[in-house]
Amino acid sequence: MSTHLYWRSLVALMLGLCLTVVAAVATAATPGRIVIDGGWTFRLMPGNAQLAAHPEALPWHAAKVPGTVHTDLLANKLIPDPYVGAPEAGLQWIGLADWEYRTRFDAPRRAKRSDLVFEGLDTFAEVWLNGENLFEADNAFRTWRIPVQDKLRAKGNELRIVLRSPISRLLPAVRAMPRKLAGNYPSPYGDEPADAMTANFARKPGYHYGWDWGPRYVSAGIWKPVVLESWDAVRIDNLHLRQDRVGQARADIAAVVLAEAVRDGAFDLRLWQVAPDGKRSLAALRRVELRAGDNRIELPVRIDRPQRWFPNGYGAQPLYRFELEIGDGKAVAARARARTGLRSVALRREADDKGRSFYFEVNGVPVFAKGANSIPFDMFQPRVGKAQLRRVLQSARDANMNFLRSWGGGYYESDDFFDLADELGLLVWQDFMFGGGMQPAYDDAFRANVIAEARDNVRRLRNHPSLVLWCGNNEEEIAWKYWGPGKAMMEADAEFAGKVWNGYVQLFGTDLRKVVAEEGGGISYWASSPSDDLAEVANTPASGDMHYWEVWGNPAYPPSKYLEITPRFMSEYGLQAWPVQRTIDAFASRGEQGIATPLIEAHQKFMAGKGNERLMKYVNFEFGDPKDFSSFVYLSQVAQAEGIELAALHHRASRPYTMGSLYWQLNDVWPGASWSSVDWFGRWKALHFHARRFYAPVAVAALREAGARTSVTLLNDRTHQVRGELRLRLMTLDGKLLRDERKPVELAPLSASQLVNYSDAELLGNADPASTVAVFDLQSEGEPASRRVVYFKAARDMRWPDPGLRTELRRDGSGARLELRATKFARAVWIDFGDTDARIADNAMTLLPGEAVDLHIASSAGLATLRTALRLRSLADELHVY
């Protein structure tokens with residue numbers, strides 16, 4: 001920027017904002033930043049008990065930082081792929097071993113201050129610089145900043161990090177406890193005893209110790225960047241864009257600057273604003289006196305007629321960028337950038353005659369939360385790239401989702417994750433990292449460690465407009481109150497039980513709430529999920545959020561039970577399914593596949609590998625016995641998709657009493673059976689195609705309830721009225737039309753309006769329930785068509801005809817078009833191209849007799865290859881009816 005342009009900006013700012021005039025600041029070098037990511041090597045520490053069995057790990061091998069021990073061992077061909085086959089039991093030694101990493105780096109610039117910054121060390125780490133012990137880390141979720149200006153050499157600094165086994169480190173103390181705290185999933189491999197689990201005591205990702213959707217790989221590593229930061233005058237620690245008031249006419253924000261100065265002195269602060277359209281302007285200017293050490297400065301910013309940020313389906317996602325410069329009168333001494341979207345957000349808890357509401361209001365609009373729970377995207381987080389995140393989060397948006405709950409048994413999600421959520425309009429509920437069991441929160445040092453962790457992550461994420469809630473933990477409150485651990489502890493040792501619970505209340509009721517209040521910029525805090533924010537009763541339909549697992553879990557009711565539970569906000573519910581065949585083939589050969597084969601059970605983590613028994617129960621509820629493993633995989637997806645659709649539509653039809661439906665789960669941590677709708681490779685299961693329909697902004701919910709009645713509700717999440725037509729057809733499976741009625745309808749904004757409630761007699765008449773269906777179609781202006789089919793018998797009891805599916809493939813630009821036609825009723829049609837890369841515009845659909853669809857196929861394969869690879873299946877093929 002020239003001096004002339006600078007002074008023009010300054011004069012304009014003086015006239016518009018009446019701020020203090022300061023001298024021009026020329027562009028110059030800002031604090032130095034060296035990422036130490038090269039030349040790393042690692043080895044198994046000498047003296048480890050595992051050395052005798054694994055001598056190949058003792059020599060130094062090349063390592064990748066950021067990374068993990070498991071991925072470094074894999075890259076050096078010292079272990080098999082942890083995801084292929086069933087190597088899990090043979091890799092547990094890694095979590096019992098100590099590991100050593102080292103590298104060398106130069107620091108040619110002599111600065112008044114230099115810090116080594118460790119953004120993530122997993123977990124018990126001893127850090128050495130040039131032979132001197134710098135510090136010891138004990139929390140994978142914290143950032144560690146250590147001054148080293150007096151310890152650096154210009155050339156050849158040696159950085160050495162020893163990573164201690166969290167199990168070996170913690171087990172002696174846990175074993176010595178007179179009363180043990182309840183953990184989550186005991187190891188089946190003997191690496192730690194079931195009655196002395198260590199995960200609760202380690203501040204590291206809980207899912208590393210195994211979960212009911214992923215393997216047990218207790219990894220270690222330098223999982224985030226290591227950076228050398230050097231400066232002579234001032235360093236910007238954090239730039240917070242606090243949104244004090246955001247309305248349609250005006251937004252008042254405060255740029256809150258946390259800066260560390262080397263010396264006392266006067267500095268010039270300039271804040272640049274870049275609007276969503278790219279227009280750059282000077283937003284604030286001030287001369288300040290900084291003291292040596294930490295400083296906090298607020299710069300008020302007013303934006304007239306702001307472009308407000310909305311969640312997906314409610315408006316656009318414009319983003320503002322800000323750049324802060326701190327000058328010392330001669331040069332720019334420090335610079336920081338931040339991005340945000342301008343919106344107001346509130347968690348509404350309003351009392352009524354049944355309890356209290358639970359919903360999120362964005363820019364004054366009550367939002368029905370439609371979405372899913374996200375879990376870690378890989379067992380080894382440093383492998384997760386932005387492209388993988390984009391693929392899954394774009395899939396969420398494409399399925400009309402507007403809300404994700406980032407679950408507390410993994411890690412605080414990355415900046416890339418939240419950047420994408422900001423861009424895609426996905427609201428995020430972020431748990432603190434407590435996934436289950438009970439923590440030693442009665443220990444002051446443990447709580448202090450967690451508070452520091454929380455402060456680091458709340459500060460890191462608070463500028464993201466997508467972030468709308470911080471939640472203390474996942475399921476710890478209901479586990480203590482209702483699942484037995486609390487009662488058992490009270491009976492065994494009431495004094496210690498009281499100490500444990502009081503520590504819990506202190507950490508989750510007070511400490512974390514205070515951190516969010518101080519650092520979160522107005523975002524709400526919630527003590528646990530599910531809960532009523534530490535009210536006496538938790539997990540109740542009357543108030544707060546709910547997890548509902550009596551379908552799938554215990555007592556394993558059929559999916560129709562979902563219709564009997566009407567919550568305020570359903571934050572967890574789910575049904576399992578296997579991924580598509582191509583994903584299964586990636587870890588198991590066809591000869592190794594079978595409903596109860598050892599390798600398949602190794603990738604089925606529910607009930608210690610016996611989850612297929614539970615999954616078979618849900619297939620049998622509706623479809624009967626599958627004929628083979630391939631049929632089992634297909635039917636598991638149909639059962640999952642139809643069951644979750646039933647629940648989600650019931651939740652939406654219960655608006656405004658119910659204001660959220662988040663199924664478990666969106667994504668996978670590895671390839672295997674799980675509750676996900678998008679598998680580890682990013683491939684959609686049938687559920688995700690269904691979700692795009694049942695989460696559509698305008699939809700019809702026709703739900704056949706207990707007592708043989710069908711309620712028909714029209715759903716409109718738009719902020720404006722929608723006009724359309726509802727059509728009811730009663731038809732036989734071979735295409736005979738028994739009834740055809742059309743009715744014009746008007747859907748009020750932000751509403752669920754029950755239109756009619758039929759008895760079976762009123763809807764079905766004298767027609768045969770085993771060969772007749774009721775089809776409800778909603779056509780509305782500017783919206784995709786919505787359909788709901790009502791069946792009067794379980795699928796296994798219906799007389800399915802051969803659907804007579806016919807296809808035609810033709811070239812369409814860089815891809816192809818597939819025309820699919822059904823002669824008779826075709827339920828749950830699945831289109832597959834095997835190992836050929838082909839992305840289908842729609843799938844897992846139901847076609848009426850005589851109906852055709854025309855689908856785009858994104859594929860580089862030729863028509864001949866696609867025709868050879870194409871496979872179709874429908875429910876009639878599996879049930880052997882025709």
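**Exercise 1. Determine which side chain forms a polar contact with that of Arg817, and place Arg817 in the fold.**

*Solution.* In this predicted model, the side chains of Arg817 and Asp854 are joined by a polar contact of 2.9 Å.

Step 1. Arg817 belongs to strand β39, which covers residues 815–821.

Step 2. Although 38 residues separate Arg817 from Leu855 along the chain, their C-alpha atoms are 5.5 Å apart.

Step 3. Leaving aside residues up to four places away in sequence, Arg817 touches Glu808, Leu809, Arg810 and Asp812, together with Asp854, Leu855 and His856.

**Exercise 2. Describe the peptide bond that joins Asp122 and Thr123, and the surroundings of Thr123.**

*Solution.* Step 1. Most peptide bonds are trans. The bond joining Asp122 and Thr123, however, is cis, with omega about -5°.

Step 1. Thr123 lies in the loop between β6 (121–122) and β7 (124–129).

Step 2. The side chains of Thr123 and Asp122 are joined by a polar contact of 2.4 Å.

Step 3. With a relative accessibility of 4%, Thr123 counts as buried. Setting aside residues up to four places away in sequence, Thr123 touches Ala137, Asp138, Asn139, Ala140, Arg203 and Lys204.

Step 4. A further cis peptide bond runs from Val65 to Pro66, with omega near 0°. Pro66 is in the loop between β3 (61–62) and α2 (69–75).

**Exercise 3. State the phi values of Lys77 and Asn363, and decide for each residue whether it is buried or exposed.**

*Solution.* Step 1. Most residues other than glycine have a negative phi. Lys77 has a positive phi, near 60°, and Asn363 has a positive phi of about 55°.

Step 1. Lys77 is located in the loop between α2 and α3 (93–96), whereas Asn363 is in the loop between β21 (359–362) and β22 (365–367).

Step 2. The relative accessible area of Lys77 is 73%, and Lys77 is therefore exposed, the cut-off being over 50%. Asn363, at 10%, is buried.

**Exercise 4. Compare the radius of gyration of the protein chain with that of a compact globule, and characterise the chain as a whole.**

*Solution.* Step 1. For 882 residues, a compact globule would have a radius of gyration near 29 Å; the protein chain has 29 Å, so the two agree.

Step 1. The C-alpha trace spans about 90 × 75 × 65 Å along its principal axes. The protein chain contains 18 helices and 44 strands.

Step 2. Of the 882 residues, 60% count as buried. The protein chain exposes about 33100 Å², of which carbon and sulfur atoms supply 49%.

Step 3. Among contacts between residues at least 6 apart in sequence, 71% join residues at least 24 apart.

Step 4. There are 109 positive and 107 negative side chains, and the centres of the two sets lie 4 Å apart.

Terms used: Residues numbered from 1 in each chain as written. Predicted model: local features only at pLDDT ≥ 70, side-chain atom pairs only at ≥ 80, totals over all residues. Heavy atoms only, no water. Helix = DSSP H or I, 4+ residues; strand = E, 2+ residues; numbered from the N terminus. Rg over C-alpha atoms; globule rule 2.2 N^0.38 Å. Buried < 20%, exposed > 50% of the residue type's maximum accessible area, 1.4 Å probe, protein only. Contact = heavy atoms within 4.5 Å. Areas by Shrake-Rupley, 256 points an atom, 1.4 Å probe, with all protein chains shown as cover. Lys, Arg positive; Asp, Glu negative; His and termini not counted. Charge placed at Lys NZ, Arg CZ, Asp CG, Glu CD. Polar contact = N/O pair within 3.5 Å; in protein donor to acceptor, adjacent residues only side chain to side chain.
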